[in-house]
Amino acid sequence: MVKLDVRVLMCLRICIVAVALLSATTCVYAGAYATSAHGDPDAGVLRSSIPEAYIRGNCAHCHEQHASVGGVQPSPANATVSGFALFSTNFSGRMVSPYTQEDNFCFQCHTVLSSHQVGGSILNHDYAETFGGYDEGTDEGILEQFNHSSGMENSYHNLRDIQKYAADNFDWFKEDSNPCVACHNPHRARRNKNAVDNPVLTAISRPTDHENLWGDTPGETMAGYRDYLPPYFYNSVTRYEPGGKTYPDSNLVPDYSTFCNDCHAVTMPLIYSTELGRNLIMIDWSSAAEGDKHGQSARTGETWLREPYASGNKSNYVLSCLDCHEPHGSPYPFLVRRSINGEPLHLTSDVNDGRGNQCRQCHKDDSLLGTGDVNDWKLQHHGQGQLSPYSGSQVSGCGCHYAEGSAGGGGRPPAIRCEICHYHGSFVPNPAGEWPATAPLKNGGTRKTF
Amino acid sequence: MPGSGTHINGNYRVCTVWRVRLDLISSLLGFLVFLPFWIAPVHARVNGPCSNCHTMHYSQDNTILSEWDEGGPHQALLRTDCGGCHTGTNELGADTPFVMSAAPNYGENGTGMDTTTLAGGSFYWVTQPANGAVGGDATGHNVAGLTLADSTLNTPPGFDGGRAAADGSVPGAGIWPSGQQVTCAGIYGCHGTHAEAVQTNAIHGAHHGDLGGARISPGTAPAAGYRFLVGIEGYEDSNWEFHPTAEAHNQYKGVNNPGGSNTSTISSLCARCHGTYHSGTGNIGTASPWLRHPTDYDMGNTDTLSEYRNYGGTGNTYNPAVPLASETVTTVKRSVTFSNDTIVTCISCHRAHGSKYYKAMRWNYAGSATGGLCGECHSSKD
């Protein structure tokens, strides 16, 4: 009996070791690429023009190791070799949009027309639709988002500007790198469009940490800000972004503020915008006194908030960049989303204060306060007597409303466009600004206005 | 000795029995582990009776012996041709490297302890029908006499007029006729000089002058070149990489000069026919971002924290499944230091003769979503 037990014990030990060794040598390790969107065995890259021997997700769908496959050039056939052994030009260097499919390697597949991915189309809706649920319009592909045309000034993340800025500021980024990889690591970015409320499936990597995803661990979400509250999901006052959750959960939103500020922070070198012909205003999302109030800096006075913020029980809201902005492109100026806080903007003009509609997604205008029309903001600025920032003798004959020379309707003075005084980093009076941003406060001093 | 315990106490006796048995098992395992080193012969020049290879009259008693190839008489009074001698099943200690056989065992990547292929792989799969990423024309070189001509490729992909070997000879004298099959040796072959049309002449003296081991400054004689490859340097494993390990493998020659003109590297051999894939500016490029996958490039050029520095895992152990070349080939590298010993070559990814995988890849590249062993170097893209 004892003899049997010892032998059994030995056999067990041997079996355990054998099983362990077998497991170690046969288990399938799913690494970063294997779990990425491009390496996904069911939805990953699959170029329609190369031999079927290359299974979905394989490197050859993007990289041709010898600038050919089997001695020939699969579609898109070009006579030249391309950097990173890609099957077509990585980035053409085009200065401004509109871009063509050939301008950017990523566009070869990420477009709804003539995509080289099997099926000929890849749908990638904008943030407002994918995460915010705004399903009006046809904003369906990445290329298309960079090429918006509308009745007003469209906007997009200028790819040449990104490429140059990233090459100048991030060691890993080469002069010939694709501008898209400044924000995305194509070998790690995950497929989140079918599970938008799962930040583990994030598609972004910080420019300062290209080899890791961003947003997929607890310390990398908007929950890191005590006073963040996800906005409403489209056409709902009971559901929230991302994806229409029935409860607001900031743990589900990657910390886009930190992400975007890898480039846009006031502490970073200036960013030149080819489209605007000037340097961008750098962002201070910190709690410093000079920081933006939409960031962590302390609010001042009445904020006239709408829901869900009005009753959100937070004292000093901080926003995610993508609560208001698109990452790729927008039919509206400054990458403003097509819908914000559950409602569409429906902007038709970037003059006559059309962009005020952006503000009224979260702040009550006179119509919502029952004192005026839509996109009127008189009550907040003048209607509270001494509590108003501009009242009494300041109002009469100041000329502020005629600063841009336009006439008002119905005997009223013309509106002042919100962005004259309210923009990232703005304060009044602002010596560097134009009238009326230089208007003095009645009590003197300065006041942050964003 | 099993069963020899003298104590009555059963526990002790049983323990003694098992201890002895374990000792025996350990000894046996140790014996098996070191067996290859004890019996591995140094295969170099051919030896044995002349009649092993030659026949004076291609006739014996007015008939042809069954062990002779029926296609004779053969050049150099040989009993058979290249394929005749080099077809068979590889075994440990065998004295002939076989490049063709019936259904060899390639395992996952041709390096496992149950495999039956050598460093160059096998032409077998070229003769088999394609099945996904396995088998078919694209799994190796379509060598005349061993396989049919390639059904799609009429000339070597990337042929740019041919590049000269160390002896100045150029494949096809610079012109590759459409439909011309590659041969083992000669004008359209890999072994020997390209200046000789007759294959045996092309490798004249090689079998008798083969030295084995390190081939340094081989000059132009086929016998002096690594594996009868004119001018190519390298260290020949005594078993031609039958069951290679980090300690026992070929050491391939490379230089850190992508697109360069050095004619002694293993990649330069391939460049003679696939030159476009090895040229510098405008073809490969000279630095990242590469236009084609670089060869004759030392990964020691990369950042010390780059993904490439994970080759071989902890200790950077040499991985014979993804071989890297070195500038010096006097000895076998058991590990790499990223100092001119991590040089990417054509055969880091491909088998020169063939593998069972698409494009003669060492591993199932096409059939893997992650590229398989690409991750050995591109370690962050697993």
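The side chains of B:Glu236 and B:Arg215 form a salt bridge, with N and O 3.5 Å apart. The two partners come from distant parts of the chain: B:Glu236 sits in strand E4 (residues 234-236) of chain B, and B:Arg215 sits in strand E3 (residues 213-215) of chain B, 21 residues away. This is a predicted model. B:Glu236 has a relative accessible area of 3%, so this residue is buried. B:Arg215 comes to 2% relative accessibility and therefore counts as buried.

A second salt bridge in chain B joins B:Glu307 and B:Lys381, whose closest N and O atoms are 2.5 Å apart. Again the pair links distant parts of the chain. B:Glu307 belongs to the loop between strand E6 (297-298) and strand E7 (343-344) of chain B, while B:Lys381 belongs to the segment after E7 of chain B, 74 residues apart. Are these two partners buried or partly exposed? B:Glu307 counts as buried because its relative accessibility is 12%. B:Lys381 counts as partly exposed because its value is 22%. Elsewhere, salt bridges with shared partners connect B:Asp210, B:Arg215, B:Arg227 and B:Glu236 in one network.

Chain A has its own example. A:Glu241 and A:Arg337 meet through their side chains in a salt bridge of 2.5 Å, N to O. A:Glu241 lies in the loop between H4 and H5 of chain A, and A:Arg337 lies in the loop between E4 and strand E5 (339-340) of chain A, so the pair ties together parts 96 residues apart in sequence. Both A:Glu241 and A:Arg337 are buried. Over all chains, the structure holds 21 salt bridges.

Another arginine of chain A deserves a look. A:Arg306 is in the loop between strand E3 (278-279) and strand E4 (329-330) of chain A. Its relative accessible area is 14%, so A:Arg306 is buried. Its side chain makes a polar contact of 3.0 Å with the side chain of A:Glu343. Beyond neighbours within four places in sequence, A:Arg306 is in contact with A:Glu343, A:Arg360, A:Gln361, A:Cys362, A:His363, A:Lys364 and A:Leu368.

Now take helix H5 (residues 256-264) of chain A. This helix is mostly covered, with 7 of its 9 residues buried. Those buried residues are A:Tyr256, A:Ser257, A:Phe259, A:Cys260, A:Asn261, A:Asp262 and A:Cys263. What covers them? The cover includes helix H2 (127-130) and helix H4 (159-169) of chain A.

Aromatic pairs come next. There are 21 of them over all chains. B:Tyr106 and B:Trp125 both lie in the loop between helix H2 (82-85) and strand E1 (183-185) of chain B, so the pair ties together parts that are 19 residues apart in sequence. Both residues, B:Tyr106 and B:Trp125, are buried. B:Phe159 and B:Trp176 have ring centres 5.8 Å apart and planes at 65 degrees, so this pair is edge-to-face. B:Phe159 and B:Trp176 also lie in the loop between H2 and E1 of chain B, so their pair ties together parts that are 17 residues apart in sequence. B:Trp176 is buried because its relative accessible area is 8%. In chain A, one aromatic cluster is formed by A:Tyr99, A:Phe107, A:Phe146 and A:Tyr156.

Step back to the whole chains. Chain A has 9 helices and 8 strands, and 48% of its 450 residues count as buried. Chain B has 6 helices and 7 strands, with 49% of its 382 residues buried. The elements of chain B run α-α-β-β-α-α-β-β-β-α-α-β-β from the N terminus. Among contacts with a separation of 6 or more, residues 24 or more positions apart account for 50% in chain A and 54% in chain B.

How do the chains meet? At their interface, 31 residues of chain B are in contact with 36 residues of chain A. The two chains bury about 2800 Å² between them, 61% of it on carbon and sulfur atoms. The count of salt bridges between chain B and chain A is 0. Across the interface there are 14 residue pairs in polar contact, both residues at pLDDT 80 or more. Helix H1 (10-39) and helix H6 (280-284) of chain B each supply at least two residues of the side that touches chain A. The largest share of that side, 5 residues, comes from H1(B). By class, the side of chain B that touches chain A has 14 nonpolar, 12 polar and 5 charged residues.

Conventions
Residues numbered from 1 in each chain as written. Chains lettered and ligands numbered in written order. Predicted model: local features only at pLDDT ≥ 70, side-chain atom pairs only at ≥ 80, totals over all residues. Heavy atoms only, no water. Contact = heavy atoms within 4.5 Å. Buried area = accessible area lost by both parts, 1.4 Å probe. Salt bridge = Lys/Arg side-chain N within 4 Å of Asp/Glu carboxyl O. Polar contact = N/O pair within 3.5 Å; in protein donor to acceptor, adjacent residues only side chain to side chain. Helix = DSSP H or I, 4+ residues; strand = E, 2+ residues; numbered from the N terminus. Nonpolar A, V, L, I, M, F, W, Y, C, P; charged D, E, K, R; others polar. Phe/Tyr/Trp six-rings, centres within 6.5 Å; stacked < 30°, edge-to-face > 60°. Buried < 20%, exposed > 50% of the residue type's maximum accessible area, 1.4 Å probe, protein only.
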